[in-house]
Amino acid sequence: MTSPDQRTSLYQPALERFCWVALVFAGFVLLAGGETTSNQAGMAFQTWPLSNGSLNPAGWLSDLKMFLEHSHRLLAGTTTILTLIAAIWVQMTEARHWVRRIAWILVGTIFAQALLGGARVLFDNTNTHADNDNLAHSFAVCHAVVAQATVCLWVTLTVALSRGWMVREVGARLIAPSVRRWGHIACALIFLQIFVGAIMRQFGYSFAIPTFPFSTDKLDVLPPAWTWPVIINFAHRTGALLVTITLAGLAYNVFMHEGARRQLGSWMALVLCALVLQIGLGAEIIWTNKNANVATFHLLTGAFLLASTWLVTFLSYRSKWWPPSLAD
């Protein structure tokens, strides 16, 4: 490994650009995974890591389910390679210890994500001949949730290596601690909301409550009967309300403090736009009887909402962490 005196605390444009490319690939992995789940293509191949024992399985370009699943695997493999390259590059050239640590955590997360995806296939009841598919669906839920964490880690690494983070702006002001507090609460709630949504999506509970925004055609707020699928579905709807309230609190703190407004206002506006879009897509899933493309974009918007909220929260630390020297 490179010795400490060969590392730099200076901005590295090539490394930042590489990380942006990898972050885009991570987004495409989410898109392919979402389309795979929405079109029930997760078991297009019963083998893993190869697809029917091959990197180029016969017929995958002409069969939609095979195309979606194999494309997902190819993109995931490419992102894994990009992650390894980025991590090694960071270890060799980056002086900040915490940035190097994030790169290694990202590598671990990527490999965990791959293993969870493989377990979802290998433990499917078509392979295990189990009475139900609960174990495979549980792995699928974990696979979906870890994917969200992976994107947030990529956002963290890319922003930490960006020129905007590393170069102190003239007149930049410290951001109120309340912004960070609200940001952490919002991120935690969105992550929990995604987890509940993944359970609902993987176990097929999306229509346990078939109407929206009310729970019945008679405009009842509460469901008339409570079963496990109904509880999960209602929890997801309640979570959406809590996330909306929390993001409103975060926005209030951003826009009411001059330093936060100047440095984070544009990003916060984007978060609020994503929130409105996400609520609309959630409603559209019910109204269109779960159109596959709408369901996928609901997943992607949820990932973007988490990542952008985390971005606002992470950026709120920037002026606080600017030392005289960027090296540890």
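Modeller: Before we start, a polar contact is a pair of N or O atoms within 3.5 Å; within protein, one must be able to donate a hydrogen and the other to accept it, and residues adjacent in sequence count only if both atoms are side-chain atoms. This is a predicted model, where local features need pLDDT of at least 70, side-chain atom pairs count only at pLDDT 80 or more, and totals for chains, interfaces and linings use all residues. Residues are numbered from 1 along each chain as its sequence is written, and side-chain values use heavy atoms, leaving out hydrogens and water.

Colleague: Thanks! What caps the N-terminal end of H2?

Modeller: Asp63 does, with a side-chain oxygen 3.2 Å from the backbone nitrogen of Lys65. Helices are DSSP runs of H or I, at least four residues, numbered from the N terminus.

Colleague: And how many residues does H2 have?

Modeller: Helix H2 covers residues 64-93, so to speak 30 residues.

Colleague: Changing topic, how many salt bridges does the structure hold?

Modeller: Three, each a side-chain nitrogen of Lys or Arg within 4 Å of a carboxyl oxygen of Asp or Glu. One of them joins Glu69 and Arg73 at 2.8 Å, N to O; both residues lie in helix H2, four residues apart.

Colleague: Is Glu69 buried or exposed?

Modeller: Glu69 is buried, at 6% relative accessible area. Buried means under 20%, exposed over 50%, partly exposed in between (1.4 Å probe, protein chains only). Arg73 is buried too, at 14%.

Colleague: What about Arg7, which backbone oxygen lies 2.8 Å from its side chain?

Modeller: That of Gln91, facing a polar atom of the Arg7 side chain.

Definitions and conventions:
Helices (H or I, at least four residues) and strands (E, at least two) are DSSP runs, numbered from the N terminus. The expected span of a helix is 1.5 Å times one less than its number of residues.
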